[in-house]
Amino acid sequence: MAVLGTATLVALIAILSGANRQRDRALNAQAHSFEVMILARSLSATVARSEASLGRYVVSGDRRMGQLYFDQWRLAGAQLDRLGRTTSDSAEQRARVDRLRAAYDARGLELADTALSTNYGKNEQAYARFYQAAQTPTLATIDSTLMDVLRSERELLDKRTTAADATVGRSSRIASVLAVFGILIVLGAIALGWVTVTAFGERATARADADAAQARADELSAAVAQATDELRAQEAKLRQVQKMEAVGQLTGGIAHDFNNMLAVVLGGLELAKVNLGRNPIEVRRNIDSATEGANRAAALTRRLLAFSREESLKPEPIGAGELVAGMGDLLDRTLGDAITLAVVDNAGDWRVHADRVQLENAILNLAVNARDAMGGRGQLTISTGRRALAEEELNHCRAGDYVALSVTDTGHGMTPEVADRVFEPFFTTKAAGKGTGLGLSQIFGLVRQLGGEITIDTAPGRGTTVTLLLPRDAASPAAAPVTEAAAAAPLLPERLRILVVEDDPRVLAATTGALEELGHDPVSCDDPLAAAGLLDQHGDIDLLISDVLMPRQTGPEMVTALRERHAHVAVLFVTGFAGDVNAADFGNMPVLRKPFTLAGLERAVAGAMTTDRPAPPHRIAAE
């Protein structure tokens, strides 16, 4: 009995020790596999964040976005190194990691070219390279290789778990047989029986620990899956925002070139008026007509700049119902007699804080779109109402009161595929030459700039309703805007020595001609890098007039470099791109927007000369 009991005890101890070792190996293998999976997921997320930061850097030119892209890419490299060390025990995984490292290095070179182009201000080249990088197979190789790593690790984890369960089960069955056999000899080996009972208690504890570890592993796997789904959703939203911002930047660049041409037209026409000897009536009438056309083109440019978010609106408290009622005649003439117009005002005295012209243009654009959708015949209803929104009830809108402005037609409606794209720039369902595809995009930009939202309710055969939700303005009405004449700066009678820096030769000639007509002495400079030499050569320069966007150096960068030696020179920026809203970006120096008139240029020069600055060196010496 003693020999048999001893043998039974030894067998039980050996079996339980083997089960414990198998459990420890299974837990270590699980931990290793989860570490590999987490590293792979983290690497994928870091690469995605790095590329998203590079996209924002290419669009905005913000160097902080460029630094964020660089930091994230370096972090991805460190994670890749750690993944390589973690998977070094598997030949297959090492091969995948080597392939992943090669794709990572190739992708880094592609993105580095894009970042370098953006860093040197070559925006068009950066856009092209960023687009080309999106088409290359390196990113797909990274993603597919990571998925192979995850899939292989899951398969390995399943095999290890299955083998461990089988071993533990087999050990449990053998231990049960030995326990039964031990019960048969318990009368002859009480001590051996006590040890056996204790061993069974330890095995139960070990099983409970294993179950708890498995539960924790399942929770971790669920958390990783949820984080991955959230990351994908955020990436989809980011791609849509980047697309809208890229189109806005493109529109702003087109408007900048257009304003340069308008500056030449207006400057040349005004000089022709002043220098016209006989002043024929017919010639002056033609010149006035051309000037009016140029002013209308400038107004169109300002609307394009508002769409591209480079020019701020001039908001005022507006009653939605009063605004629609005041547009009745304009809408009737625009829509024609075949359209029945109905106006319903349920907004009462609720007001919105918006730019009146922009809001009128939005309503008129929606009405014209509705007329075209009805084929020129039907009923159009413009209604205003009140609506209270909870936090995040509708996309990004904050909680609060909103004025709802709806335009409803009885047209043919739109399919869901078309309705999903109507706010995309340059997308239109009209025939070639009948629409630009910018109307609804401009309305989208206007509503978002005001902190509101735009919705569309449509279906084939039941018409379309477009609703603008604009935040309610509960404040008192704003004061009347200050007219240009009232805000004019006092004119300076003295003759000024002015350095004009402009890379466009036509704009440079028009600006210097206008300054000569105003009685000043201009000095031309077509290269911002040559401005310092001209300032040293002409020590009596009183004012520096500079364009903002120039190929080799921007106006603000040039002025910053000149401030140390020429702080006494007044500065006036002239641009057709930035707009008044960005004046703070230029050190609060005055900004004149293209196109400008002689009177506007004279006021801007006078205002620039009134800014605080040190006295000129020659005056200090004279004193």
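1. The partner of D540 is R497, and their side chains meet in a salt bridge with N to O at 3.6 Å. A salt bridge is a side-chain nitrogen of Lys or Arg within 4 Å of a carboxyl oxygen of Asp or Glu. R497, at 17% relative accessibility, counts as buried.

2. A word on what you are looking at. This is a predicted model, in which local features need pLDDT of at least 70 and side-chain atom pairs count only at pLDDT 80 or more, while totals for chains, interfaces and linings use all residues. Residues are numbered from 1 along each chain as its sequence is written, and side-chain values use heavy atoms, with hydrogens and water left out.

3. How confident is the predictor? pLDDT is its confidence in each residue, from 0 to 100. The chain has a mean pLDDT of 79, and 79% of its residues reach 70 or more. Over residues 306–312 the pLDDT is below 50, and this stretch has 29 contacts in the model beyond near neighbours in sequence. For residues 476–489 the pLDDT is also below 50, with nine such contacts. Contact means heavy atoms within 4.5 Å. Where pLDDT is low, the predicted coordinates should not be read in detail.

4. Now the overall picture. The chain holds 17 helices and twelve strands; these are DSSP runs numbered from the N terminus, with helices (H or I) of at least four residues and strands (E) of at least two. Of the 623 residues, 42% count as buried. Among contacts between residues at least 6 apart in sequence, 75% join residues at least 24 apart.

5. Back to salt bridges: the count comes to 20. One of them joins R565 and D536, with N to O at 3.1 Å. This pair links distant parts of the chain, 29 residues apart: R565 is in the loop between α15 (555–562) and β11 (570–575), and D536 is in helix α14. R565 counts as exposed, at 60% relative accessibility, whereas D536 is partly exposed, at 37%. R371 forms a salt bridge with D372, where the closest N and O atoms are 3.3 Å apart. E51, R107 and E110 are linked in a network of salt bridges.

6. Which rings pair up? The structure holds one aromatic pair, made by W73 and Y104, and it is stacked because the ring centres are 4.7 Å apart and the planes lie at 10°. Rings of Phe, Tyr and Trp (its six-membered ring) pair if their centres lie within 6.5 Å; planes under 30 degrees apart count as stacked, over 60 as edge-to-face and the rest as tilted. W73 lies in helix α2 (residues 63–86) and Y104 in helix α3 (residues 91–119), so the pair ties together parts that are 31 residues apart in sequence. Both W73 and Y104 are buried.

7. Finally, look at L184, which lies in helix α5 (residues 138–184). Is L184 buried or exposed? L184 is exposed, because its relative accessible area is 66%.

Definitions and conventions. pLDDT is the predictor's confidence in each residue, from 0 to 100. Buried means under 20% relative accessible area, exposed over 50%, partly exposed in between (1.4 Å probe, protein chains only).
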